[in-house]
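Visitor: I would like a friendly tour of this chain, please, taken one question at a time.

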Amino acid sequence: MNSNTSRMNRTRGGYTLIEVLIVVMIMGIAAAVVAPTTSQAGVLRIQAAVRTLVADITFAQMDALGYQEQRAIVFDTEENSYTLVQVNGSTIDVENDALYDPRGPGQRYTVDFNREIFGGTVIESAEIDDDNVLVFDEMGGPVAEPGSSTLSDGGSITLAGPLSRFRVDVAAFTGRVTVTRLD
């Protein structure tokens, strides 16, 4: 065996201090980029829940207007969900009159915030005309109760997540939806 080859094998047995420092520096930069992204995941999930709720309120308004029939959103704070319902007369039957959704459980238009994609979002409160039901008339405006033409006083739904809280307000008369971050 050649003496030069033998010397090369002995000297390349480990890493130099500069190589180790470069690897540590690269890992530090990667951690600095990834850490804020992972801490924002909870906020993004509650924001997804808020966007879903706002989209469904708007959908219920437009569906009422399009079909010229009352629609309602029934909030169930105990089950942490809500269901979009067709209003027949002056009653709301969540079990039999839920709107059709091919993705929903049992083909029902129900949104369950217990799902993982919503990251622990909770319906803290749903207060619409001293009830947990938001009803839209044939013109897409909020009304006080099913089958009624009495205008609603509006209301709000508060959603809370591990890192933030949001209030979704529905205005009286127009049904305009606004979102306010509470923390």
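Guide: Gladly, and a definition comes first: two strands pair if DSSP finds at least two bridges between them. Helices (H or I, at least four residues) and strands (E, at least two) are DSSP runs, numbered from the N terminus. This is a predicted model, in which local features need pLDDT of at least 70 and side-chain atom pairs count only at pLDDT 80 or more, while totals for chains, interfaces and linings use all residues. Residues are numbered from 1 along each chain as its sequence is written, and side-chain values use heavy atoms, with hydrogens and water left out.

Visitor: How many bridges join S5 to S6?
Guide: S5 and S6 run antiparallel. The number of bridges joining S5 to S6 is two.

Visitor: What is the order of the strands in the open sheet of five strands?
Guide: Start with S1 (residues 71-76) and S2 (residues 81-86), which pair in the antiparallel sense over six bridges. On S1 there is also S5 (residues 133-136), joined to S1 by four bridges and antiparallel to it. The pairing in this open sheet is antiparallel, and its order is S3-S2-S1-S5-S6.

Visitor: Which strands stand at the edges?
Guide: Each edge strand has a single partner strand, so one side of each is left without a neighbour in the sheet. The strands at the edges are S3 (110-112) and S6 (142-143).

Visitor: Which residues stand opposite valine 74?
Guide: In S2, valine 74 stands opposite threonine 83. In S5, valine 74 faces another residue, valine 133.

Visitor: Why is S1 largely enclosed by the rest of the structure?
Guide: Buried means under 20% relative accessible area, exposed over 50%, and partly exposed in between (1.4 Å probe, protein chains only). S1 is largely enclosed because, of its six residues, the number that are buried is five.

Visitor: Which residue in the turn between S1 and S2 has a positive phi?
Guide: S1 and S2 form a hairpin with four residues between them. The residue with a positive phi, of about 60 degrees, is asparagine 80.

Visitor: And in the turn of the S8 and S9 hairpin, which residue has a positive phi?
Guide: Five bridges join S8 (residues 165-170) to S9 (residues 177-181), and the two run antiparallel. Arginine 167 stands opposite threonine 180 in S9. Six residues lie between the strands, and the one with a positive phi of about 70 degrees is phenylalanine 173.

Visitor: Is isoleucine 46 buried or exposed?
Guide: Isoleucine 46 has its place in helix H3 (residues 41-67). The C-alpha atoms of isoleucine 46 and leucine 163 are separated by 8.5 Å, although the two residues are 117 residues apart along the chain. At 1% relative accessibility, isoleucine 46 counts as buried.

Visitor: How does valine 20 count, and what is its relative accessibility?
Guide: Valine 20 lies in helix H2 (residues 17-39). Valine 20 counts as partly exposed, with a relative accessibility of 40%.

Visitor: Is glutamate 127 buried or exposed?
Guide: Glutamate 127 has its place in strand S4 (residues 122-128). At 51% relative accessibility, glutamate 127 counts as exposed.

Visitor: What percentage of the chain's residues count as buried?
Guide: The chain has 183 residues. The share that count as buried is 35%.
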